[in-house]
Amino acid sequence: MRLSQMLFVTLREDPAEAEIPSHKLLLRAGYIRRIASGVYAYLPLMWRVLQKVSQIVREEMNATGAQECLLPQLQPSELWQESGRWETYTKAEGIMFALTDRQERQMGLGPTHEEVITAIARDCIRSYRQLPLHLYQIQTKFRDEIRPRFGLMRGREFIMKDGYSFHTDEESLKQTYADMDTAYRNIVRRCGLAFQAVEADSGAIGGSGSQEFMVLADAGEDEVLYTEDGSYAANVEKAVSLPPEAEPSPFATYEKRETPDTATIASLCDCLNCSPTQVVKNVLYQAVYDNGTTVLVLVSVRGDRDVNEVKLQNELTRRAGDYDAIALLSLTVPDADAQQKWAANPLPLGYIAPDLADDYIAKQKDVAPKFLRLADKTVENLQSFVTGANETGFHVVGANWGDQFTLPPVVDLNKSMAGDRSLKNSEQVLQTARGIEVGHIFQLGTKYSEAMGATYTDKHGKDKPLVMGCYGIGVSRLAQAAVEQSYDKDGIIWPVEIAPYHAIVTVPNINTKEQMEAAEKLYAELNAAGVETLLDDRKERAGVKFKDADLIGIPYRVVTGRSISEGKVEVVDRATHESRDMAIADVVPTLKQWVEEALAR
RNA sequence: CGGGAUGUAGCGCAGUUUGGUAGCGCGUCGGCUUUGGGAGCCGAACGUCGCAGGUUCGAAUCCUGCCAUCCCGACCA
């Protein structure tokens with residue numbers, strides 16, 4: 001492609017709308033344009049990058065035996081009602097764009113395709129002889145994110161590869177899941193990125209095992225905890241760990257103490273001269289289920305720890321049946337307004353004990369009359385601990401489970417942090433890093449097939465639900481993550497594997513016949529040799545062309561400049577700015593070799 | 001949805017406090033010179049000042065309502 005004929009618009013200044021480097025650079029270098037919040041146009045350079053990422057994904061998927069297809073974006077509400085997700089995905093904090101057509105039919109724009117694919121499987125899969133089967137697509141997805149951000153990182157419309165596998169049993173599922181683990185590692189590696197595979201929470205999609213593929217970058221929205229020896233890595237949402245031991249309690253006897261203005265753990269420890277590890281902190285949450293029932297949850301954790309709200313959500317979802325509900329709609333820390341709706345009396349905030357009386361909850365429909373009390377493992381073995389006295393300005397010290405307080409059901413609700421010890425090997429201490437989630441693989445099991453009646457006939461002639469897995473990779477997100485991981489003050493540095501072009505031939509002065517002729521020849525021969533090459537034949541000064549070439553991040557630059565009269569051109573490596581003079585005849589074979597070497601990685 | 005901020009030329013911004021009819025830099029177009037790291041000079045075009053009301057002789061500027069965008073949080077296969 002000739003730059004003189006291409007839609008090529010770069011910006012000299014950072015656009016005000018962008019915050020992180022990759023977003024600024026993609027806008028400045030003319031790769032993307034924002035059309036609405038979280039909605040972007042992929043301009044010609046970006047589209048080439050996305051196609052390259054897609055092609056790598058396609059090759060690795062096909063290699064595992066998965067088959068490509070294309071599923072509809074516009075989906076009927078009926079399918080989502082069958083799986084039970086219509087309400088949770090469209091109501092309240094739902095992320096599905098929903099619409100009503102002219103026949104008053106309810107439709108949604110697909111944020112994911114479990115329902116559609118399960119419907120297809122229900123129709124097409126009859127026998128165990130057809131299994132296992134793995135279908136995937138590379139498709140635009142729609143999610144009404146509450147707060148889109150960082151360009152393509154969290155958009156409301158984005159490109160994703162999603163695959164769904166069907167099996168007779170868990171064992172077959174685990175085989176495909178393992179194949180996907182390998183395929184995903186290949187994909188991210190082939191895209192030239194440094195990454196970490198981590199244990200993950202499976203969230204609203206459900207299922208058992210799940211793993212995320214994190215591209216490591218400071219702008220990442222997720223926190224990853226890992227051990228130095230590589231034996232453990234997990235998303236902080238999922239991470240388990242061994243917190244530091246509690247310090248022995250200085251309080252020998254149980255008594256109530258006056259502790260004015262100690263609503264925070266730090267001020268309390270100051271006042272009583274004790275360690276946060278001797279305190280039982282009681283945190284109040286408000287859960288709302290899909291049947292409209294509100295449940296007040298009182299969680300007891302050690303004073304130096306935080307509640308992992310994802311773990312709490314999962315626990316509350318498990319307990320949905322206790323309240324005749326199916327799904328949890330929201331989980332919040334109730335503010336003053338929210339408390340007023342159900343509290344019979346003002347709560348002793350900051351001084352709550354694990355036995356806070358249930359009559360703080362005013363009797364009313366849709367509110368569970370008793371607190372759901374839960375204890376994190378960190379408080380289970382505490383002795384002579386400090387906790388609230390249910391009276392503003394007072395705490396109790398020297399308390400014990402079984403004496404003054406009843407230990408609530410114990411669950412792991414601990415939010416792991418850097419510095420904790422690994423459960424796998426207590427010699428290892430957890431480290432922290434930021435990551436961009438570019439891939440996520442799940443063992444779904446029979447959740448959707450059972451809900452939607454997708455069954456097959458086994459060897460013995462019995463109908464059984466299909467065992468499913470699903471596997472996603474964010475194509476547009478991965479492309480931007482690559483920039484986030486690879487740039488310098490001059491612009492983007494694309495890995496050769498996904499760069500929109502491999503090389504750019506820069507003509508410093510298009511009015512010099514020698515320069516133009518050499519450039520035209522190199523441009524034609526490089527492309528013919530399979531080196532995807534741009535020709536900067538614009539009527540611009542050399543400096544402008546160099547700046548633009550650096551900004552858009554093409555891996556190799558060939559300059560037909562100063563030494564042209566000696567039959568030489570300059571070849572510059574974008575990543576290092578390393579430059580060398582090279583005989584014109586050597587350029588094509590050399591670049592061809594460099595590109596082939598890079599692609600073979 | 002809670003908190004914060006911003007909307008003025010294609011992009012980045014000043015002007016708003018103190019009301020008087022819109023400006024700077026970059027970019028764009030034309031000309032001359034220049035020609036290896038975002039050139040210089042000369043000339044030109046480009047604005048419903050986010051939208052709608054209101055106050056006023058007069059509103060980018062003051063008031064009210066709305067909309068959009070961005071940041072923090074909550075949310076997020």
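Reply: In S6, Met107 is the bridge partner of Pro76. Keep in mind that this is a predicted model.

Me: How many bridges join S4 to S6, and which way do they run?

Reply: Three bridges connect S4 with S6, residues 106-109, and the two run antiparallel.

Me: What is the strand order in that open sheet?

Reply: The order is S4-S6-S5, three strands with antiparallel pairing. S4 (74-76) and S5 (97-100) stand at the edges with a single partner strand each, so one side of each has no neighbour in the sheet. From one strand to the next, the twist averages 35°.

Me: OK, RNA now. Which residues come nearest to RNA strand B?

Reply: Arg12, Thr112, Asp550, Arg562 and Glu570 come nearest, out of 46 residues around RNA strand B. Of the RNA atoms that come within 4 Å of the protein, sugar and phosphate account for 49%.

Me: What does Thr112 sit next to on the RNA?

Reply: A base nitrogen of RNA strand B lies 2.4 Å from a polar side-chain atom of Thr112. Asp548 also has a polar side-chain atom by a base nitrogen, at 3.0 Å.

Me: And which part of the RNA lies by Arg147?

Reply: A phosphate oxygen of RNA strand B, 2.6 Å from a polar side-chain atom of Arg147.

Me: Which elements give two or more residues to that surface?

Reply: Strand S8 (157-167), strand S21 (430-445), helix H14 (542-552) and strand S29 (556-559). H14 gives the most, with eight residues.

Me: How do the residues of the surface near RNA strand B divide by type?

Reply: There are 22 charged, 15 nonpolar and nine polar residues.

Me: S21 came up. What is Ala433 in contact with, leaving aside its neighbours within four places in sequence?

Reply: Ala433 lies in strand S21. With those neighbours set aside, Ala433 is in contact with Asp222, Glu223, Val224 and Tyr226. Ala433 and Tyr226 are 207 residues apart in sequence, yet their C-alpha atoms are 8.1 Å apart in space.

Me: Switching to domains. What is the assignment for chain A?

Reply: Domain 1 covers 47-240 + 432-483, domain 2 covers 255-411, and domain 3 covers 501-599. The centres of domain 1 and domain 2 are separated by 36 Å, taken over C-alpha atoms. Their contact takes seven residues from domain 1 and six residues from domain 2.

Me: There's another open sheet, with S13 in it. What is the order?

Reply: S13-S19-S18, three strands with antiparallel pairing. Strand S13 (255-258) and strand S18 (385-391) are at the edges; each has a single partner strand, so one side of each is left without a neighbour in the sheet. Neighbouring strands here are turned by 35° against each other on average, direction ignored.

Me: How many bridges join S13 to S19?

Reply: Four, and the two strands run antiparallel; S19 is residues 394-399. Lys256 stands opposite Val396 in S19.

Me: Backbone check. Where is the cis peptide bond?

Reply: Between Leu131 and Pro132, with omega about -5°. Pro132 sits in the loop between helix H5 (114-124) and strand S7 (133-142).

Me: And what is the phi of Phe150?

Reply: Positive, about 55°, although Phe150 is not a glycine. Phe150 is in the loop between S7 and S8.

Key. Residues are numbered from 1 along each chain as its sequence is written. Chains are lettered from A and ligands numbered from 1 in the order in which they are written. This is a predicted model: local features need pLDDT of at least 70, side-chain atom pairs count only at pLDDT 80 or more; totals for chains, interfaces and linings use all residues. Side-chain values use heavy atoms; hydrogens and water are left out. A residue is near a molecule or strand if one of its heavy atoms lies within 4 Å of it. A polar contact is a pair of N or O atoms within 3.5 Å; within protein, one must be able to donate a hydrogen and the other to accept it, and residues adjacent in sequence count only if both atoms are side-chain atoms. Ala, Val, Leu, Ile, Met, Phe, Trp, Tyr, Cys and Pro count as nonpolar, Asp, Glu, Lys and Arg as charged, and the others, Gly among them, as polar. Two strands pair if DSSP finds at least two bridges between them. Axes are lines fitted to C-alpha atoms, for helices over the stretch in contact, and angles run from 0 to 180 degrees between N-to-C directions. Domain bounds come from an automatic or database domain assignment. Contact means heavy atoms within 4.5 Å.
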